[in-house]
Amino acid sequence: MAGNNRKFFVGGNWKMNGSKDSINEICGWLTAGDRGDTEVVVGPPTAYLGYVQEKLAGSGVYAAAQNCYKVPKGAFTGEISPAMIKDIGCEWVILGHSERRNVFGESDELIAEKIEHALAEGLKVIACIGEKLEEREGGQTEEVVFRQTTAFKDKVKDWGKVVLAYEPVWAIGTGKVATPQQAQEVHASLRTWLSENVSPAVANSLRIIYGGSVSASNCKELATQGDIDGFLVGGASLKPDFVKIINARKA
Ligand code: PGA
């Protein structure tokens with residue numbers, strides 16, 4: 001969409017990977033590398049969230065939780081709350097990742113409730129959506145991503161604190177990246193949907209980032225697409241090439 005001033009956004013989702021040693025290395029090259037004007041957030045495993053938050057403090061790179069629950073506290077073994085994420089100084093949380101949906105069975109409704117609570121507690125949210133292979137092959141891509149985004153819409157009051165991550169499930173961790181045209185097509189449809197169902201202002205200002213097998217070699221072409229405002233990166237965010245992805249918009 002022409003005339004936007006959406007800041008390029010790159011998130012690194014470390015998933016259940018890392019150790020103190022490897023995290024020290026990652027934080028080293030991440031903070032030393034040129035990041036231009038790109039907004040950069042990385043999601044360590046919960047065990048290391050506070051450690052990474054402290055290591056990155058003042059660097060301009062921010063730490064994100066990979067998940068959280070929908071209430072402030074209580075008898076929810078294994079969960080963390082937005083209040084805790086804020087208490088250790090973090091501002092971001094990733095919600096609705098396909099692994100949360102498909103490995104741990106999270107529903108559209110639960111994810112939307114988590115987003116509502118995280119926003120109410122003052123966190124910023126990377127909200128993830130995306131279709132499975134059989135849904136794409138069945139021509140249901142739009143239906144699925146619109147359904148997932150509708151669940152968010154009903155709960156989000158301030159879209160200014162949300163980044164929407166379109167991550168086709170068939171592209172995540174498979175090495176099978178969406179083509180720039182495939183990604184752009186879905187991003188553009190989402191923007192039209194947002195314009196019609198939320199508001200033209202939100203459609204124009206919301207960052208819609210792409211995720212799924214993004215690498216240093218495919219990021220530049222994806223980044224030329226008008227409706228792709230950045231990336232959510234899994235595997236490649238653990239390696240120094242991540243800095244190239246952060247700088248995908250640079251000549
Ligand atoms: P990938 O993961 O880059 O390893 O495909 C992306 C994601 O799950 O966010």
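Student: How are α7 and α8 oriented to each other: roughly parallel or oblique?
Tutor: In this predicted model, helix α7 (residues 141-153) and helix α8 (residues 180-197) pack with their axes 11 Å apart, at an angle of about 45°. Angles under 35 degrees count as roughly parallel. The angle here is about 45°, and α7 and α8 are therefore oblique.

Student: Is the crossing of α7 and α8 left-handed or right-handed, and which residues of α8 make the contact?
Tutor: The crossing of α7 and α8 is right-handed. On the α7 side, the contact is made by Thr141, Glu142, Val145, Phe146, Thr149, Thr150 and Lys153. On the α8 side, the residues are Val186, Ser189, Leu190, Trp193 and Asn197.

Student: By class, how many residues of the contact of α7 with α8 are nonpolar, polar and charged?
Tutor: Glu142 and Lys153 of α7 take part in the contact, and Asp, Glu, Lys and Arg are the types counted as charged. By class, the contact of α7 with α8 has 5 nonpolar, 5 polar and 2 charged residues.

Student: At what angle do helix α5 and α7 pack, and is α5 oblique or roughly parallel to α7?
Tutor: The axes of helix α5 (residues 108-120) and α7 are 8 Å apart, and the packing angle is about 40°. That angle makes α5, relative to α7, oblique.

Student: Which residues of α7 make the contact with α5?
Tutor: The crossing of α5 and α7 is right-handed. From α5, the contact takes in Asp108, Ile111, Ala112 and Ile115. From α7, it takes in Arg147, Gln148, Ala151 and Phe152.

Student: How do the residues of the contact of α5 with α7 divide into nonpolar, polar and charged?
Tutor: Asp108 of α5 and Arg147 of α7 are both part of this contact. The division by class is 5 nonpolar, 1 polar and 2 charged.

Student: Are α1 and α2 oblique or roughly parallel to each other?
Tutor: The axes of helix α1 (residues 20-32) and helix α2 (residues 49-56) come within 11 Å and cross at roughly 30°. Angles under 35 degrees count as roughly parallel. Helices α1 and α2 are therefore roughly parallel.

Student: Which residues of α2 make the contact with α1?
Tutor: The α1 and α2 crossing is right-handed. Helix α1 contributes Lys20, Ile23, Asn24, Cys27 and Thr31 to the contact. Helix α2 contributes Tyr51, Val52, Lys55 and Leu56.

Student: How many Å from an oxygen atom of the ligand does a backbone N or O atom of Gly234 lie?
Tutor: For His97, a polar side-chain atom lies 2.6 Å from a ligand oxygen atom. For Glu167, a polar side-chain atom is also 2.6 Å from an oxygen atom of the ligand. With Gly234, a backbone N or O atom is involved, and the distance to a ligand oxygen is 2.8 Å.

Student: Where is Ser213 found?
Tutor: The segment holding Ser213 is the loop between β7 (207-211) and α10 (219-223).

Student: How many Å from a polar atom of the side chain of Ser213 does the backbone nitrogen of Gly175 lie?
Tutor: Beyond its neighbours within four places in sequence, Ser213 is in contact with residues including Gly173, Gly175 and Lys176. The backbone nitrogen of Lys176 lies 3.5 Å from a polar atom of the Ser213 side chain. For the backbone nitrogen of Gly175, the distance to such an atom is 2.7 Å.

Definitions and conventions
Residues numbered from 1 in each chain as written. Predicted model: local features only at pLDDT ≥ 70, side-chain atom pairs only at ≥ 80, totals over all residues. Heavy atoms only, no water. Axes fitted to C-alpha atoms, helices over the stretch in contact; angles between N-to-C directions. Helix = DSSP H or I, 4+ residues; strand = E, 2+ residues; numbered from the N terminus. Parallel < 35°, antiparallel > 145°, perpendicular 65-115°, else oblique. Left-handed = near helix turned anticlockwise from the far one by under 90°. Contact = heavy atoms within 4.5 Å. Polar contact = N/O pair within 3.5 Å; in protein donor to acceptor, adjacent residues only side chain to side chain.
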